[in-house]
Amino acid sequence: MTGAAGAVSAVETRLRELGLSLPAVASPVAVYVPAVITGNLVHTSGQLPFVDGVLPATGKVGAEVGAEDAASYAAVCAVNALAAVKAQIGDLDRVVRVVKVVGYVASDPSFTGQPAVINGASELLGNVFGSAGSHARSAVGVAVLPLDAPVEIEMIVEFA
């Protein structure tokens with residue numbers, strides 16, 4: 001838990017074990033906020049795969065971006081969404097469960113592997129939260145995403 005001075009949450013410890021850390025919350029690219037709370041749910045806005053403020057790739061999955069790379073970018077999106085959740089609730093150990101993930105994949109017209117791409121986010125959430133990371137999900141192919149990003153993830157998280 002992060003209640004004691006210098007202590008690190010169990011969730012952030014698991015992230016570190018996976019070689020990851022929470023970034024600063026990405027600044028919105030339009031008129032919205034990164035996340036909002038209603039009741040005991042945090043709804044994140046769509047999160048792009050920014051790494052140090054930069055998109056690691058642009059373009060359509062199945063053309064300019066390979067499906068495996070896109071799956072790793074979906075995991076980055078999920079970490080960015082977790083940063084937005086933490087900014088709202090203060091401690092990721094308060095997460096009771098990941099309720100829903102919606103993944104958008106900027107897809108070449110012939111690409112049909114959207115579910116496998118969004119598995120990158122789902123697998124990461126399972127690795128971080130265990131059974132509390134199991135969630136309902138949609139994986140949607142779209143023509144284009146903001147800033148020509150290959151993937152975007154939004155999620156709903158329940159907290160106590």
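Leaving aside its neighbours within four places in sequence, which residues is Ser122 in contact with? Before I answer, please note that this is a predicted model.

Ser122 lies in helix H3. With neighbours within four places in sequence set aside, its contacts are His135 and Arg137. Is Ser122 buried or exposed? Ser122 counts as buried because its relative accessibility is 16%, and the cut-off for buried is under 20%.

Let me turn to the interior. In soluble globular proteins, nonpolar side chains tend to be buried together. Here, the largest nonpolar core has 40 residues, and the members that touch the most others are Val117, Leu125, Phe129, Ile153 and Met155. At least two residues of this core come from each of helix H1 (10-17), helix H2 (67-89), strand E3 (95-106), helix H3 (114-129) and strand E5 (151-159). H2 contributes the most, with 13 residues.

Consider Val117 in particular. Not counting residues up to four places away in sequence, Val117 touches Val61, Ala67, Ala70, Ala71, Ala74, Val105, Phe111 and Val151. There is also a second, separate core of six residues, among them Leu48, Ala106, Leu145 and Ala149.

Finally, the surface. Val29, Tyr32 and Leu147 form a nonpolar patch there, and together they have about 270 Å² of accessible area. Tyr32 belongs to the loop between H1 and strand E1 (35-38). Its relative accessibility is 34%, so Tyr32 counts as partly exposed.

Thank you for your attention.

Note on methods
Residues numbered from 1 in each chain as written. Predicted model: local features only at pLDDT ≥ 70, side-chain atom pairs only at ≥ 80, totals over all residues. Heavy atoms only, no water. Core = buried A, V, L, I, M, F, W, Y, C linked by side-chain atoms within 4.5 Å. Buried < 20%, exposed > 50% of the residue type's maximum accessible area, 1.4 Å probe, protein only. Helix = DSSP H or I, 4+ residues; strand = E, 2+ residues; numbered from the N terminus. Contact = heavy atoms within 4.5 Å. Patch = residues over 30% accessible without salt bridge, like charges linked within 9 Å, V, L, I, M, F, W, Y side chains within 5 Å. Areas by Shrake-Rupley, 256 points an atom, 1.4 Å probe, with all protein chains shown as cover. Salt bridge = Lys/Arg side-chain N within 4 Å of Asp/Glu carboxyl O.
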